[in-house]
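Hi,

Here is the structure you asked for. My notes on it follow below.

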Amino acid sequence: MIEVKNLTKQYGTHTAISDLNFTVNAGEIVGFLGPNGAGKTTTMNIMTGFIAATRGDVAIDGQDIIAEPEKAKQQIGYMPDTPPVYGDMRVDEYLGFVADIKKVPRGDRKHMLHQIKAQVQILDVSRRLIKNLSRGYRQRVGLAQAMVGNPRVIIMDEPTIGLDPKQIIEMRDVVKSLGKKHTVMLSSHIMQEVSAVCDRVIIINRGNIVAQGTPKELSASLTKAEGMNQLRVKATSEAARAALKDFTVIRHVEISASDEPGTVDLQLAGESGADIREAIFRAFAKHNLPILSMRSMDLSLEEVFLKLTGDRRTS
Amino acid sequence: MTAIYKKELRAYFTQMVGYAFLAFMLLLVGMFFIFVNIFPSSGNFGSTLANAGILFFILVPILTMRLFSEETRHRTDQLLFTSPLTVAQIVVGKFLAAFSLFVIGVGATVLFPLIMRRYAIDGLPTSQIVGSYIGFILVGAACIAVGMFISVLTDNQIIAAVATFAAIYAMFIMESIAMTMPISAAASLVFVAALILAVAAIWYYSTRHWISSAMLAVLGLGAAVGLYFYDNLIYDAIIVRALLWFSIYTRFHVLSHGVLNLADLVYYFSFAALFVYLTMNIIEKRKWR
């Protein structure tokens, strides 16, 4: 549905994004994740034809955004990070204007606008001036604007920024419901948000894609590489150390006192992700030291994200 | 295009700007009407318009300052330029909206000559008045195009208004500026050479292709110098002529005498068209920056 090839944007000598490649399939909800300044907004502005790329192509449903802008833009609803609303218009007036510029046929209009307003829950403010609306409502009007004309693709730049927790949950529900009829791409710098609603995540940092996959895949691939296990053993730290002495496959050992008397906490990792859980059990069993608990340390998506987007110059 | 046109026209009247413009315009024309027509008992309403016309540098910025500046400031340009509308539709729609409001204001002033007609014993100089109206509207269109062009350059309405004021005022006194310029062929050659270099520089700036820019500069300068030795009459007072092209009031005086030349009409249309085109060009360029 959306195809992005070798996308590069330079502002003078500063490279905002370099050589991005990804596709979004029809019906998917894809999250575009990155810290502030990673190039998310630039990418989305290019995808919607607001600015042009220095190099590379964007095709929406096979139509190039630069070569056939009118056709491609007809397929896109865009909700920028600042809702593009006119303060001195009423909500109905504004959505009518949007329907005009998106060339929605007069006959379908009333029904369509009513449906959209119901879906994003702004029916009760239809007659209000937009400048008098709260941030949350304005954001929803911005989203309603993107849905006018039933575009096949909806692109949202930080849809939940500046909303309160309740509004964030409502916005997530709306996004999920959009996924049934539209292909959705949304950007965010908050991992939980993306993992809550998206089928797939693309993580971007300093203008480069650093990882992509389903939230599960991302978390799994990194956890496996680390292969870290956390244990609590009923022993003194000397006894625990002795038990591990003839245990050669271990790469990383960390022993610390626990808050439970007579026990220690250990963090153990096998060589390059090897599964050492059984070996650990046997080692402690041989020394007659009971393992009270053991769990593999799953990196939460948040940690994956921080790991990937941390300062890469040091690595 | 009609969507943009309707939205802009409506915005003039929801933001008071439209009322302010109409009130101010009618006040000005009314004042000149009293001093030029009523007190001296003159029937030539054309002189009133000619006098009011010099105040375009106050009237036009009111109309044009918000056209694009406001969209950029409120980020609503993202809505317009990601919609299926073309840049031309957006720009022309906005221009026509501002121009329509201007024509509505001008239309209201028709009351003055109509009232005078009731009392004029020898009738009114109709051709002069009609010619003045045509001139007034055409100069207005040219000024609105300039104002719109300036509005697309900044997201600050105040800067847009002040710059438009300065630009239109400069066009108003252009005749006087032009008269101070040297008219010798040598000075003209320097002027033309500077223009060619400027064009080459702009070409380089937008394409970053130095071979074609250098070729443009060398060929252009060669042609200019060659022409100078072949027939330097062409260079006679070229600076003055170039500057006078921007003096949009010169032809207004011809029209206000009731003389309608096709050349004058073409001049005003091309002047407005040039700035409408430049506005579209700036918007397209901005995408690639």
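The lining of the largest pocket has eight nonpolar, three polar and four charged residues. Here Ala, Val, Leu, Ile, Met, Phe, Trp, Tyr, Cys and Pro count as nonpolar, Asp, Glu, Lys and Arg as charged, and the others, Gly among them, as polar. This is a predicted model: local features need pLDDT of at least 70 and side-chain atom pairs pLDDT 80 or more, while totals for chains, interfaces and linings use all residues. Residues are numbered from 1 along each chain as its sequence is written, chains are lettered from A and ligands numbered from 1 in the order in which they are written, and side-chain values use heavy atoms, without hydrogens and water.

The volume of this pocket is about 810 Å³. (A pocket is an open set of points on a 1 Å grid over the protein atoms alone, where a 1.4 Å probe fits, with protein on both sides within 12 Å along at least five of seven lines; lining residues have an atom within 4 Å of a point. A volume is the space filled by probe spheres set on the points, which are joined across faces, edges and corners.) Of its 15 lining residues, B:I202, B:Y205, B:S206, B:I282 and B:K285 lie nearest the centre. Helix α16(B) gives the most, with seven residues. (Helices are DSSP runs of H or I, at least four residues; strands are runs of E, at least two; both are numbered from the N terminus.)

The second largest pocket holds about 640 Å³. It has 27 lining residues, with A:F50, A:I51, B:D77, B:R286 and B:K287 nearest its centre. By class, 12 are nonpolar, five polar and 10 charged.

Now the sheet in chain A. Six strands form an open, mixed sheet in the order β6-β7-β8-β3-β9-β10. (Two strands pair if DSSP finds at least two bridges between them.) Strands β6 (76–79) and β10 (208–213) of chain A stand at the edges; each has a single partner strand, so one side of each lacks a neighbour in the sheet. Strand β9 (200–205) of chain A runs antiparallel to β10(A), joined by five bridges. In one of the pairings, A:I204 has A:I209 of β10(A) as its bridge partner.

Last, one residue in chain B. B:S100 lies in helix α7 (87–109) of chain B. Leaving aside neighbours within four places in sequence, B:S100 contacts B:Y5 and B:L9. (Contact means heavy atoms within 4.5 Å.)

Best wishes
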